[in-house]
Amino acid sequence: MTARDPVSTPSTSAPFSSAPLASTPFTASSTADEVLEDVDLTGVHAIVTGASSGIGAETARALAAAGAEVTLAVRNTAAGDAVAERIEESTGGTRPRVVRLDLADRRTVTRFVDTWNGPLHLLINNAGVVTSGLERTGEGWELQFATNHLGHFALATGLHDALAAGASERDGARIVSVSSTAHMRAGIDFDDLHFERRDYDPQIAYAQSKTANSLFAVEATRLWASDGIVANAVNPGGVATGLQRNFTARQKESLDAAEAAGVFTYKSVEQGAATSIVAAVTPEFAHSGGHYLDDAQEACTVPNDAELARHPHGVKEWALDPATAERLWSVSTDTLRAWATS
């Protein structure tokens, strides 16, 4: 993506190996603009989902400021237009394109994919929802899993050819999958993905979707590295955004307790977007995928029974397990295929 990108053999991470972790010059306090200093993204086509506010809007602004041609994929196009206007005014560059995308509505995902023209170099799967209770899509899918994982899965697989074209054009294309420390609360329950039998816990449902975001990066890299496409998952850290507006009292209490225990310290939006930008442009991740990044570095893997309070910057084994990633990919493919033919 930049003149600094090295040429190397595509690789996937080995989460249970003793290989050294990838490191960058950036830290938890770095901002998106600092990561992009001296980086020229002229000619780079980027999509940022959920770019109408928060981290997504800042990610889009930073990419545009570095010269990228950015598409804001948003559910609320009026909010997206307002962000695009601010980006154009602040950067003096090309106004980002705004396209409607509701990740919980497969029809809008299909429409977005069908109308995309040309190569794609960066896909930032940033959008996400948090619910306070059980909500379902029209297909009966649990809303957090459907939006945070299945919608992004459909988008990425639908844009594979565009990403491959982008990779051929600029020596690689990248996908950034925004996960969360919340992934440490739950793995994937393949026996009841959509809470049809177990009691619904919105925190566990969100955690499952964030684990899925990480596993997507593992399997996408395994399948697509030969096409020049790599994917990495990122934890943006604690950032106060609109994502918390639907929190229940219990969820808010849990968040406050985690902050008090030192699990996280709140970041600015500019700092929260930095790790996504690291995965998107730094040479350390130009041709290497399947990693989970935290505070601008590759995170260490911790056992599945590790306590969040003691390992707030780690990634659990279940979020990087290749066999689980392969199974989730297959289940996701089958789920979307069944919807398409119903």
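Predicted model: local features only at pLDDT ≥ 70, side-chain atom pairs only at ≥ 80, totals over all residues.
Visitor: How many aromatic pairs does a search of the whole structure find?
Guide: The search finds six aromatic pairs. One of them joins Phe112 and Trp116, whose ring centres are 6.4 Å apart. Their planes make an angle of 15 degrees, so this pair counts as stacked.

Visitor: Are Phe112 and Trp116 buried or exposed?
Guide: Phe112 and Trp116 are both buried.

Visitor: What about Phe153 and Trp329, stacked or edge-to-face?
Guide: The pair of Phe153 and Trp329 is edge-to-face, with 75 degrees between the planes and 4.8 Å from centre to centre. This pair links distant parts of the chain, since Phe153 belongs to helix H5 (residues 143–158) and Trp329 to helix H11 (residues 322–340). The two residues are 176 residues apart.

Visitor: And why does Phe153 count as buried?
Guide: Phe153 has a relative accessibility of 3%, and buried means under 20%, so Phe153 falls in that class. Trp329 also counts as buried, because its relative accessibility is 13%.

Visitor: Which residues form one aromatic cluster with Phe153?
Guide: Phe216, Trp224 and Trp329 form the cluster together with Phe153.

Visitor: Moving on to charges, what lies over the face of Phe195?
Guide: Arg198 lies there, 3.7 Å from the ring centre of Phe195. In a further case, the ring of Phe190 has the charged end of Arg327 over it, at 4.1 Å from the ring centre.

Visitor: Back to H5 and H11. At what angle do they pack?
Guide: H5 and H11 pack at about 85 degrees, and their axes are 11 Å apart. That angle makes the two helices roughly perpendicular.

Visitor: Which residues of H5 and H11 meet?
Guide: On the H5 side they are Phe145, His149, Leu150, Phe153, Ala154 and Thr157. On the H11 side they are Leu328, Trp329, Ser332, Thr333, Thr335 and Leu336. By class, this contact has seven nonpolar and five polar residues, and no charged ones.

Visitor: How do the axes of H7 and H11 cross?
Guide: The axes of H7 and H11 cross at roughly 90 degrees and come within 8 Å. H7 and H11 are therefore roughly perpendicular to each other. Among the residues making the contact are Phe216 and Trp224 of H7, and Leu328 and Trp329 of H11. The contact of H7 with H11 has 11 nonpolar, one polar and three charged residues.

Visitor: Which residues are buried in helix H6?
Guide: In H6 (residues 160–170), the buried residues are His160, Ala162, Leu163, Ala164, Gly166 and Ala167.

Visitor: What do the buried residues of H6 pack against?
Guide: They pack against H5 and helix H7 (202–224), and also against strands S5 (122–125), S6 (173–178) and S7 (229–235). Just after H6 comes Asp171, which takes a positive phi of about 55 degrees.

Visitor: A new topic, then: where is Gly67 found?
Guide: Gly67 is in the loop between helix H2 (54–65) and strand S3 (69–74). With a relative accessible area of 30%, Gly67 is partly exposed.

Visitor: Which residues is Gly67 in contact with, leaving aside neighbours within four places in sequence?
Guide: With those neighbours within four places left aside, Gly67 is in contact with Leu41, Thr42 and Gly43. Gly67 and Val39 are 28 residues apart in sequence, and their C-alpha atoms are 8.8 Å apart in space.

How values were computed. Residues numbered from 1 in each chain as written. Heavy atoms only, no water. Phe/Tyr/Trp six-rings, centres within 6.5 Å; stacked < 30°, edge-to-face > 60°. Buried < 20%, exposed > 50% of the residue type's maximum accessible area, 1.4 Å probe, protein only. Helix = DSSP H or I, 4+ residues; strand = E, 2+ residues; numbered from the N terminus. Lys NZ or Arg CZ within 6 Å of the ring centre and 35° of its normal. Contact = heavy atoms within 4.5 Å. Axes fitted to C-alpha atoms, helices over the stretch in contact; angles between N-to-C directions. Parallel < 35°, antiparallel > 145°, perpendicular 65-115°, else oblique. Nonpolar A, V, L, I, M, F, W, Y, C, P; charged D, E, K, R; others polar.
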